[in-house]
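Dear colleague,

Please find below the structure that I am handing over to you.

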Amino acid sequence: MYLIGLALGAGLLLLVFLSRREEGKLLRKVSVYLYKKGCIHKVPMLNAHHVQRDLESLHPGQSGLLLQGDYYIRKLQLLLLVLCAGTLLGVMAHAKADREGSLTGAGELLRPLPGQGERKVKLRAWLDGEKLGELTVTVPERAMTRQEARELYGEYWEAWKTQALGDNPSWQEVSGPLRPAEELEGYPFTTSWRSSDYEVLGRSGEVHAAESAVLVTLTVVSRYQDFCREEELELLVTPGTAGGNGALVEQAQEAYSLAEESARHRDRIPLPGKLQGGRLAWREVREDYSLLLLMITAITAAAVYLFQDRDLHRQVLRRRERMKESYPAVLNKFILYLGAGMTIRGAFQKIAQDNHTRYGGDARPLYEEMQYACNRLQAGVSEGRTYELWAARTGLQDCARLSTMLTQNLKKGNAALLTRLREEGDRALQEDLNLRRKKGEEAGTRLLMPMIMMMAIVMVLVMVPAFHGFGL
């Protein structure tokens, strides 16, 4: 887990370094190169027309091709960042699996050191190139010699006494329970003990209250294979609160057991190289998640690349919603200015200019599209064509109806234009009220779950003290 956390941290650092590095901008250069090659070979994923339309909708007046190029270069740059981080994690996971392996290249299993405990190793065996199957072997820790056990015992005995004393201040002042252990982590000894007075000191180390101080002898026996040492502790208890290849696999298991027994005092276990006259090969089955990480990286990179287009389209839809919210206000201003005697062109320009001035240049989307349409008028585009292009860019049916009424008035003249605009205004206002009511209902639905959770918390706060008061 430590190495996995280290790998994740390194991957995040790499992402930050590569994304914020100013010198060189290697990833951006690579992204630009890939985009150019993709455009030359007409790769569909780098030439999506719907992406260009969405970008032109979000950025009126800017070149769609330039916007599309910059958009795909940023997408490729993010894709490369994800691939670099995922590859780094995969390499580190593979290195971790290799480092934690027990089988060496010479066909030997590394034994755990004395006190580390036995280890389970999964092996895959081949006989003359034919796979036998998998078997799980137990690699015991290396057996210590008698001299090594004697040297280690002193350290173990002090550690055992510290563990057994528990929360008591000393062996001459024992009033609480003892914590004698049969084994201690990091030591190969097994320990048993007996008390000289079980009425005062129980078998599990519990201390029974005594009216006066009682001297108790604790006999401790520690063993490791043929090594045995007996110690006596005098403590003073003071008053207080106290398949078909199954047979071959079994033979391989037996051969390993013999090899392990013959190398009890060695750091490594030479694995048997022959079985029934055939050559026996071994390979450790390790928990290597590098391939899985690489697959996850590839899937994540593809998802990031594809979902960016969806997020872009969502921005377009949100922009259209904001334009739809502004439509009733724009229509009312049209009715006001036309009723005051202004021309259609003058009213259109006045609405766009008023909003641009009022909001300090940060126009709302519908007004922004009207300002872009006014720029077209000044560039020489005909008035009717300008209204049609404005409605097409907004993508709203409401704007399309308004554009049709304005265009027809320019071509044929229409004395009932104001009447039709007022009818359209009433309809737009009613539709806007319905839309806002629907959004309010959706917001209330989203708040339902938090309200239920708060009610449950209040019920717990009220009922728990009540049950305690009743003694339940």
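Which interaction do the side chains of Asp398 and Arg401 form? In this predicted model, they meet in a salt bridge, with an N to O distance of 2.3 Å. Both residues belong to helix 11 (residues 397–412), and because they are three residues apart there, about one helical turn separates them. Asp398 counts as buried because its relative accessibility is 5%, under the 20% limit. Arg401, in contrast, has a relative accessibility of 32% and therefore counts as partly exposed.

A further pair lies in helix 12 (residues 417–446), where Arg427 and Glu424 are three residues apart, so that about one helical turn lies between them. Their side chains form a salt bridge at 2.7 Å, N to O. Glu424 is buried, at 8% relative accessible area, whereas Arg427 is partly exposed, at 29%. Salt bridges with shared partners connect Asp398, Arg401, Glu424 and Arg427, together with Lys324 and Glu431, into one network.

The side chains of Arg393 and Glu369 meet at 2.8 Å, N to O. This pair links helix 10 (residues 383–394), which holds Arg393, to helix 9 (residues 365–378), which holds Glu369; the two residues are 24 residues apart. Arg393 and Glu369 are both buried.

With kind regards

Conventions. Residues are numbered from 1 along each chain as its sequence is written. This is a predicted model: local features need pLDDT of at least 70, side-chain atom pairs count only at pLDDT 80 or more; totals for chains, interfaces and linings use all residues. Side-chain values use heavy atoms; hydrogens and water are left out. A salt bridge is a side-chain nitrogen of Lys or Arg within 4 Å of a carboxyl oxygen of Asp or Glu. Helices (H or I, at least four residues) and strands (E, at least two) are DSSP runs, numbered from the N terminus. Buried means under 20% relative accessible area, exposed over 50%, partly exposed in between (1.4 Å probe, protein chains only).
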